[in-house]
Amino acid sequence: MPRSKRAKVVPGSKVTKGTDRKEKLIQKTRAACAQHRYVYLLDLENCRSSFLLSLRQRLRPSQLIYGNNKLLQVALGNGPQDELKEGISRISKQLKYEKCLLFTDLPESEVKRHFAEFQPADFAKAGSVALSTVTLAEGPEALQNWPHSMETQFRQLGLPTILKNGAIHLLGNYTVCTEGEALTPAAAQLLKKLDVKTTRFKVNIEDMWTNPDPLENEGSGGGDE
């Protein structure tokens, strides 16, 4: 017997919650645009939610907004015919991939200073470019801080290892990654197990828009807290 083609009933609460979240993001973006002197379009490299949270705290009371790009475009407008303020659609059109918006009264030199000072190290992901060459030396020293129970895991990831007297020995020099080359999945896992962080969270300014008539916003220059 064929299945019924009746429309699936979606609880009203789910629709309302989703719509409310979208509307709040749009309104928050529009309010920030009206309030602050500058809007910076930012590109994020090696982003993690914890890094973004720390950056937001550092830049308060400036507002760093990272969300659905299409909703942000709705908030700012996609062209002269519907843009929130004159010229802001230039920023809106560039919202794609790992982009976010910074609404602030800080000049570009101050924003760049914050980004230069906040570049936490992180474990590289497979496919990312190695920033340095990591080589492990033959013998027990390279893996002396790891228990013998991990020997099998290291071997499965390509390390030529053997157990001797309860210690993990490397049977020859081994290059985990080479500077300028893409990391393999095995190399990325090895670097994490070895607690070697070879990448950094970075924020780059791609474009900037200046608000000709921001609302009165006392003490909104931003800075460390």
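Me: Which residues of helix H7 (residues 185–193) are buried?
Reply: This is a predicted model, in which local features need pLDDT of at least 70 and side-chain atom pairs count only at pLDDT 80 or more, while totals for chains, interfaces and linings use all residues. Residues are numbered from 1 along each chain as its sequence is written, and side-chain values use heavy atoms, with hydrogens and water left out. Helices (H or I, at least four residues) and strands (E, at least two) are DSSP runs, numbered from the N terminus. Buried means under 20% relative accessible area, exposed over 50% and partly exposed in between (1.4 Å probe, protein chains only); in H7 the buried residues are Ala187, Ala188, Leu190 and Leu191.

Me: Within what arc do the buried residues of H7 fall, seen down its axis?
Reply: The arc is taken from the directions from the helix axis to the C-beta atoms. On the other side of H7, Pro185 and Lys192 are exposed. The buried residues line one face of the helix, because they fall within an arc of 160°.

Me: Is His169 buried or exposed?
Reply: His169 is in strand S7 (residues 167–170). Its contacts (heavy atoms within 4.5 Å) include Gly139 and Pro140, not counting residues up to four places away in sequence. Its relative accessibility is 18%, so His169 counts as buried.

Me: Which residue in S10 is the bridge partner of Leu41?
Reply: Strands pair if DSSP finds at least two bridges between them. Strand S1 (residues 38–45) and S10 run antiparallel and are joined by 8 bridges. In S10, the partner of Leu41 is Asp207.
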